[in-house]
Structures are given as structure tokens and as C-alpha cells.
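Hi everyone, thanks for coming. I'd like to walk you through one model today, so please have a look at it first.

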Amino acid sequence: MGTRRKSRELALQMLFQSDMGKQDAEHVRKTFWAEHGTASAEVRGFADDLFRVATDRLSDIDGLIEKHAEHWRMERMPSVDL
């Protein structure tokens, strides 16, 4: 599996953990990497960057989803879809 693909997969898992567990970003980073410590530094670095940008821009991303979602409210959407 490619480095960037693996990083994107791990970043999505981190976002899911954050959303489902109602955990802040720092807690997610700490606990997530304790479980996935075998990832290379390159994979981990890119995954952390993706996770950071997504969490920093969460309100912008949610706004775009709401704008383009027809007949769905954010609170009705499953976390996996978000």
C-alpha cells in the first residue's frame, strides 16, 4: 500500500475516533498513535498533517457539506458519511 494512501486511511480513522468519541485532537493523536505505533515516520507525518488541517477547518468543511447536502441535516448524517 502506498504511503499517501495509508496516511489518508489513518487520518480518516483519527477523524472518526474524534467524532465518535467526542475527543479533542490532542487526545486522539496521543491514543491513536499508541495503537498504531508501527506506521513509518513518513506515513505518520502526512496523516498528522491531514488530521490537523481537517480539524482546523472543521467549520468550513461542515459548511460546505451543509450547503451541498440536499434534504439532509448534519445531525442526521452518519459519522462515516461525514
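**A walk through the core**

Let me start with Phe32, which touches Leu10, Gln13, Met14 and Gln17, leaving aside residues up to four places away in sequence. Contact here means heavy atoms within 4.5 Å.

Before I go on, a word on where this comes from. This is a predicted model, in which local features need pLDDT of at least 70 and side-chain atom pairs count only at pLDDT 80 or more, while totals for chains, interfaces and linings use all residues. Residues are numbered from 1 along each chain as its sequence is written, and side-chain values use heavy atoms, with hydrogens and water left out.

Now the overall layout. The chain has four helices and zero strands, and its elements run α-α-α-α from the N terminus on. Helices (H or I, at least four residues) and strands (E, at least two) are DSSP runs, numbered from the N terminus. The C-alpha trace spans about 40 × 25 × 20 Å along its principal axes.

Back to Phe32, then: is it buried or exposed? Phe32 counts as buried, at 4% relative accessibility. Buried means under 20% relative accessible area, exposed over 50%, and partly exposed in between, with a 1.4 Å probe and protein chains only. Trp33 is buried too, at 5%. These two residues form an aromatic pair that is edge-to-face, 5.1 Å centre to centre with 85° between the planes. The rule is that rings of Phe, Tyr and Trp (its six-membered ring) pair if their centres lie within 6.5 Å; planes under 30 degrees apart count as stacked, over 60 as edge-to-face and the rest as tilted.

Both belong to the largest nonpolar core, whose eight residues are Leu10, Met14, Val28, Phe32, Trp33, Val43, Ala47 and Phe51. Helix H1 (3–21), helix H2 (25–35) and helix H3 (41–56) each supply at least two residues of this core. By nonpolar core I mean a set of buried Ala, Val, Leu, Ile, Met, Phe, Trp, Tyr and Cys residues joined through side-chain atoms within 4.5 Å.

One more residue I'd like you to find is Ser7, in helix H1. Ser7 is buried, with a relative accessible area of 0%. What does Ser7 touch, not counting residues up to four places away in sequence? The partners are Glu42, Val43, Phe46, Ala47 and Leu50.

To finish with the whole chain: of its 82 residues, 18% count as buried.
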